[in-house]
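Please find below a short note on the model under review.

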Amino acid sequence: MHSLYLIMTESCQMNCPFCYTKFCTGFENDDSVLDPDLAVEVIKKGFTRDNKTFEPFNHIIFHGGEPLLYPDNISYIIDKVVQFDPKISFGIQTNLAYKELSKKQIQLLMRIGGYGTSYSYDRFAGQENIERMVIDNIKYLATLGIYGTLLITITEDHINNQSPQHLAQYIKERYNDIKYIKLERAIYPINDILKDPAKYTRIYERTDEYLKQCLFEFPRELSDLYDNILYSIRNNTKWYPTKCSMHTASLYKDHVKYGCPSREIDDNYKDIDKLQSLCLNCNYFKWCGGDCECMNGVCTFPKKSFDMVYTIEELEKRNKEIAKRQDIPRINSI
């Protein structure tokens, strides 16, 4: 899949401490709005890279800032795009921080067929009134048959203040109208990582342990982390696309940059042939391929989570093999 993130605006009603827009090159935190005609042109014609045309996009994600601030622009883009390629799919990442969603916003979400929104302990710390609005909107949209995916960002502050057990119970009680959950490792500023790689290595190791515990707490069918790891194990392939800039692009204002919006480095930063020998000799390299490009030499691969899912898969495979033999007891897994 080749995806294009359309940064509709840099405006946002919230001020999340972990948001990549605070340090990402290209963001100026102003009120600029993406020209919808430019967006349509980029989607239709693509763009060149190294004198080659980037493969056509088949998925468009409306992003920001807060994209739902401009539902008319998004509807205009969709109307134009489906005229020349009705097979393109659409997604949107919104904070849903509205006292009341407008008719246009609701119609747009219905047309897209869902939405993504976010949660983290530090996202709503001290802003319980905003979280209440988000939850109310999630519940209301569910009554209309519009369901979303909840992106849970695991930051250091989140780990320090909300255990996996508490998180799972919290989500179950308050976000019970969410259809699916994605567990996301927080992205930190490049300059900070380069100044102290050891610090961020420790943070991601803690994140790995936290994610592993989350796998115990959340139902398997609800967790994208479990699905991604299991898919890679069963298909003997990478669980995360190496060099995401080869699969994803983002349109900011009037220029395209390679990779997801959180990418703040140039496209030449990571060459798989120049990876540290530590990565090339790592037992997990075949699964991660160097993992996400924006982590800058700090390993973020969820090793403990991967090992646990791998073990479960092996146990269940063995249970199937011995299912007909009554003399061998079944091995328990979670």
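Predicted model: local features only at pLDDT ≥ 70, side-chain atom pairs only at ≥ 80, totals over all residues.

The numbered points below take up these topics in turn.

1. How many cavities of 30 Å³ or more does the count give? The count comes to one cavity. The largest cavity holds about 50 Å³ of space.

2. The lining of the largest cavity consists of Ile7, Met8, Thr9, Glu10, Ser32, Val33, Leu34 and Lys253. Sorted by class, this lining comprises four nonpolar, two polar and two charged residues. Glu10 and Lys253 are among the lining residues, and both count as charged. Thr9 and Ser32 also belong to the lining, and these count as polar.

3. Is Leu144 buried, exposed or partly exposed? Leu144 has a relative accessible area of 34% and is therefore partly exposed, since that class lies between the 20% limit for buried and the 50% limit for exposed.

4. Lys80 is placed in helix H2 (residues 71-84). Its relative accessible area is 33%, so Lys80 is classed as partly exposed. Although Lys80 and Val40 are 40 residues apart along the chain, their C-alpha atoms are separated by 6.8 Å.

Notes:
Residues numbered from 1 in each chain as written. Heavy atoms only, no water. Buried < 20%, exposed > 50% of the residue type's maximum accessible area, 1.4 Å probe, protein only. 1 Å grid on protein atoms, 1.4 Å probe; cavity = no way out; pocket = protein on both sides within 12 Å on 5 of 7 lines; lining within 4 Å. Points joined across faces, edges and corners; volume = space filled by probe spheres on them. Helix = DSSP H or I, 4+ residues; strand = E, 2+ residues; numbered from the N terminus.
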